Amino acid sequence: MILDLEDNMCFACSPKNPIGLKLRFRREGDVVRAGFVVRPEHQGWPGCLHGGLVATLCDEAMAQWLWLREIEAYTGELTVRFKKNVPVGTPVEVVAELAARRGRLVLLTAAVLLPGGVVAATASGKFLMGNSGPAALSDGENTDGGESGGSRKGLEAPGHAPEE
């Protein structure tokens, strides 16, 4: 069953969840993006976005990459690297894209970008595809890190090389 993005109570994306983040993702080619402004109730350390919410932004972006393609999948593993604090009041952008696919396992990457494209956090996730939705990603989206001719694109702002 694919999540109905308009009629659910997801903390990250539901427009109906009164305490949710209400993220609205859009597809731009091979990438999904959403904007978010950090409010005072989102802080952990005084003046900074809570690290758990940074992880939530990344996880949701990767999940949305799949859902916007009608692929049912569930987070199996999430790894987040925190690079810079995200101050309260700051507008950020979260982006995600496909890194590889191996059978039912889909590997995605995400980044939280500060104004000017400064990378605040990066993430990688392993998602396990369910039994409904497309059986396979399209050729343009079916990469396995190079074994089938695919490539991994960086998520950082233009001019920034991805870190290994």
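Predicted model: local features only at pLDDT ≥ 70, side-chain atom pairs only at ≥ 80, totals over all residues.
Colleague: Which strand does strand 6 pair with over 9 bridges in the antiparallel sense, if we look at residues 105-113?

Modeller: That partner is strand 5, which covers residues 105-113 and pairs with strand 6 in the antiparallel sense over 9 bridges. The two form a hairpin with 5 residues between them, and Gly116 in the turn has a positive phi of about 80°.

Colleague: What stands opposite Lys126 in strand 3?

Modeller: Glu77 stands opposite Lys126, and strand 3 is joined to strand 6 by 9 bridges, the two running antiparallel. In a regular strand, side chains alternate between the two faces of the sheet.

Colleague: Where does Glu70 lie, and is Glu70 buried or exposed?

Modeller: Glu70 lies in the loop between helix 1 (51-67) and strand 3 (73-82), and its relative accessibility of 53% makes it count as exposed. Although Glu70 is not a glycine, it has a positive phi of about 60°.

Colleague: How many disulfides does the structure hold, and are Cys48 and Cys58 buried or exposed?

Modeller: The structure holds 0 disulfides. Cys48 is buried, with a relative accessible area of 17%, and Cys58, at 0% relative accessibility, counts as buried too.

Technical notes: Residues numbered from 1 in each chain as written. Heavy atoms only, no water. Helix = DSSP H or I, 4+ residues; strand = E, 2+ residues; numbered from the N terminus. Buried < 20%, exposed > 50% of the residue type's maximum accessible area, 1.4 Å probe, protein only. Pairing = 2+ DSSP bridges. Disulfide = S-S within 2.5 Å.
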